[in-house]
Structure formats: structure tokens, C-alpha cells
Amino acid sequence: MALYEHVFLARQDLSQAQVDALAAAATEIVESNQGKVVKTETWGLKNLAYKIKRNRKAHFVMLNIEASGDVVAELERQTSINEDVIRYVTIRVDEHEEGPSVMMRKSDRERTRRREREGA
């Protein structure tokens with residue numbers, strides 16, 4: 001089985017519960033086709049560099065997937081149909097990153113700096 005990272009951007013007007021439901025639906029697609037979702041990370045609502053389908057912000061979600069190419073093709077097909085997803089990308093990787101991803105470590109660093117500034 002190959003390893004993939006699948007990142008999708010959901011519309012800014014969705015609630016966090018709806019974004020979690022999108023991630024659960026993607027997980028269900030993978031697992032119903034004999035794949036495995038190793039890790040799911042929600043990176044939160046972030047600003048976009050430019051407007052995408054009239055959205056200035058988007059909810060970012062990453063899935064680490066262990067599956068065959070057919071499963072990924074089905075996941076991408078289902079994702080492209082969904083109106084709530086404005087962009088997605090799937091990348092084949094040699095190995096999954098252990099622990100939190102770079103985006104999660106970045107937000108932790110920013111939170112720590114903000115606390116230090118407020119305390120000083």
C-alpha cells in the first residue's frame with residue numbers, strides 16, 4: 001500500500017462540526033475501499049493568499065492515508081463533487097511524518113509567542 005497526504009480546503013462559512021463531518025466522510029470513503037486513514041489534522045480557519053470561489057479564508061484539513069491508487073482516485077472524485085470543498089491536493093509520500101505536522105507546530109509556536117507578549 002502506498003502512503004499519501006490529502007489536504008482539502010473547505011468553505012469559510014462552514015461550522016467546525018461541518019468541517020469535521022467532511023473529514024469523517026473522506027475517512028469513510030477511504031476505509032470502505034480497504035484503505036486506512038492513519039492521522040487526521042484540522043489546521044483551522046486560515047487566510048488565503050488570493051480569493052478562491054469568492055472565499056478569502058478556508059478551513060484546512062489534512063489526512064494521512066495508507067491506500068492503493070484506486071482508493072485515492074475515488075476519494076478525489078468524491079471530493080471534487082462536494083460543493084463545500086473549494087480546493088484539494090493529494091501527494092504521494094515515502095513516509096508519514098511522526099507527531100504533529102509542520103502547520104500544527106507553527107500554530108503552537110505562534111500561540112506561545114502571543115502568550116509571552118501579553119505576559120511581558
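Author: A search of the whole structure finds one aromatic pair, where rings of Phe, Tyr and Trp (its six-membered ring) pair if their centres lie within 6.5 Å. This is a predicted model, in which local features need pLDDT of at least 70 and side-chain atom pairs count only at pLDDT 80 or more, while totals for chains, interfaces and linings use all residues. Residues are numbered from 1 along each chain as its sequence is written, and side-chain values use heavy atoms, with hydrogens and water left out.

Reader: Which residues form the aromatic pair, and how many degrees lie between the planes?

Author: A pair of aromatic rings is described by the distance of the centres and the angle of the planes. Planes under 30 degrees apart count as stacked, over 60 as edge-to-face and the rest as tilted. The pair is stacked, with 6.5 Å centre to centre, and it is formed by Trp43 and Phe60, with 25 degrees between the planes.

Reader: How many residues apart in sequence are the parts that this pair ties together?

Author: Both Trp43 and Phe60 are buried, a word that means under 20% relative accessible area, with exposed being over 50% and partly exposed in between (1.4 Å probe, protein chains only). Trp43 belongs to strand 2 and Phe60 to strand 3, so the parts tied together by the pair are 17 residues apart in sequence.

Reader: What is the order of the strands in the open sheet?

Author: Helices (H or I, at least four residues) and strands (E, at least two) are DSSP runs, numbered from the N terminus, and two strands pair if DSSP finds at least two bridges between them. Strand 2 and strand 3 (residues 55–67) run antiparallel and are joined by eleven bridges, with Gly44 standing opposite Phe60. The open sheet has four strands with antiparallel pairing, in the order 2-3-1-4. Its edge strands, each pairing on one side only, are strand 2 (36–52) and strand 4 (85–93).

Reader: At about what angle does helix 2 run to strand 4?

Author: Axes are lines fitted to C-alpha atoms, for helices over the stretch in contact (heavy atoms within 4.5 Å), and angles run from 0 to 180 degrees between N-to-C directions. Helix 1 (residues 16–32) lies across strand 1 (2–11), strand 2, strand 3 and strand 4, and runs at about 130 degrees to strand 2. Helix 2 (residues 69–81) lies across strand 1, strand 3 and strand 4, and its angle to strand 4 is about 170 degrees.

Reader: Why does Thr90 count as buried, and which side chains make polar contacts with the side chain of Thr90?

Author: Thr90, whose place is in strand 4, counts as buried because its relative accessibility is 17%. A polar contact is a pair of N or O atoms within 3.5 Å; within protein, one must be able to donate a hydrogen and the other to accept it, and residues adjacent in sequence count only if both atoms are side-chain atoms. The side chain of Thr90 makes such contacts with the side chain of His6 at 2.7 Å and, at 2.9 Å, with that of Glu76.
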